[in-house]
Amino acid sequence: MSNFILSQEKRDWLKQEFGNLQKEKVLLQQSLREQQTKTATNTEDLFLELLEIGDALEALLDYLEQNPNLSPEFLQRLPKSLGAVNRKFLGVLGKRHVLPIEIELQSTQPDFNLCRVVDREVRNDIADQTITKIVRRGFSLGEKTLRPTEIITSKSEI
């Protein structure tokens with residue numbers, strides 16, 4: 001076993017560095033606790049907002065179940081009611097920077113970073129690879145594509 005002899009200067013430096021590391025550890029632990037508390041609060045807020053959307057859908061389903069003979073007035077209001085629930089849902093996502101990807105129908109050469117072709121349809125009236133239908137909306141989180149927009153594109157008849 002080797003013995004190391006340290007000068008008083010080196011010992012003092014090591015004590016200071018060790019003290020600094022202990023202080024930094026305490027600060028990091030405090031920062032971690034604060035971040036965990038913030039994350040828990042944000043998660044709770046998200047769940048409460050989603051529960052409100054669920055409540056609106058549940059109320060609508062309960063009404064439909066209890067009223068099998070729907071009035072024309074209700075049927076006329078139904079798209080508006082569902083639209084309000086959808087807007088609330090998109091608002092909850094938007095507060096968290098999850099935004100719908102905007103894709104234009106009839107645009108040619110889709111951006112494959114934002115789109116995924118799920119089907120092709122024969123169309124001779126428009127250019128090949130033109131978007132003819134959006135099957136499922138895509139969403140992004142900042143610059144990242146969370147879910148690409150699923151599309152149908154045209155293809156020329158052979």
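Biologist: Let's start with Arg123: is Arg123 buried, partly exposed or exposed?

Modeller: Burial goes by relative accessible area: buried is under 20%, exposed is over 50%, and partly exposed is in between, with a 1.4 Å probe and protein chains only. Arg123 comes out at 24%, so it counts as partly exposed. Keep in mind that this is a predicted model, where local features need pLDDT of at least 70, side-chain atom pairs count only at pLDDT 80 or more, and totals for chains, interfaces and linings use all residues. Residues are numbered from 1 along each chain as its sequence is written, and side-chain values use heavy atoms, with hydrogens and water left out.

Biologist: Which residue does Arg123 form a salt bridge with?

Modeller: In general, side chains of opposite charge can pair when their charged atoms come close. The rule here asks for a side-chain nitrogen of Lys or Arg within 4 Å of a carboxyl oxygen of Asp or Glu. Arg123 pairs with Glu121, with the closest N and O atoms 3.8 Å apart. Glu121 is partly exposed, at 29% relative accessible area.

Biologist: What does the side chain of Glu121 make a polar contact with?

Modeller: A polar contact is a pair of N or O atoms within 3.5 Å; within protein, one must be able to donate a hydrogen and the other to accept it, and residues adjacent in sequence count only if both atoms are side-chain atoms. For Glu121, the partner is the side chain of Thr132, at 2.5 Å. Thr132 sits in strand E3 (residues 131-136); helices (H or I, at least four residues) and strands (E, at least two) are DSSP runs, numbered from the N terminus. With 12% relative accessibility, Thr132 counts as buried.

Biologist: And what does Thr132 touch, leaving aside its neighbours within four places in sequence?

Modeller: Contact means heavy atoms within 4.5 Å. On that basis Thr132 is in contact with residues including Glu121, Arg123, Ile126 and Ile152.

Biologist: Where is Glu150, and is it buried or exposed?

Modeller: Glu150 is in strand E6 (residues 149-155), and at 13% relative accessibility it is buried. Its side chain makes a polar contact with the side chain of Arg116, at 2.9 Å. Beyond four places in sequence, Glu150 also touches Val118 and Lys133, among others.

Biologist: How many salt bridges are there by this rule?

Modeller: The count comes to eight. One of them joins the side chains of Arg96 and Glu49, at 2.8 Å from N to O. That pair links distant parts of the chain, 47 residues apart: Arg96 is in the loop between helix H2 (72-95) and strand E1 (98-100), while Glu49 is in helix H1 (residues 8-66). Arg96 is partly exposed at 25%, whereas Glu49 is buried at 13%. Glu49, Lys95 and Arg96 are linked in a network of salt bridges.

Biologist: What about Glu52 and Lys88?

Modeller: They form a salt bridge too, with the closest N and O atoms 3.2 Å apart. Here Glu52 in helix H1 is linked to Lys88 in helix H2, 36 residues away.

Biologist: Which residues make the nonpolar surface patch?

Modeller: Patch residues have over 30% relative accessible area and no salt bridge; like charges are joined within 9 Å, nonpolar side chains (Val, Leu, Ile, Met, Phe, Trp, Tyr) within 5 Å. Leu61, Tyr63, Leu64, Leu70 and Leu75 make one of about 410 Å², and H1 gives the largest share, three residues. Leu75 is in helix H2 and is partly exposed at 44%.

Note on methods. Accessible areas come from the Shrake-Rupley method with a 1.4 Å probe; for residues, only the protein chains shown count as cover.
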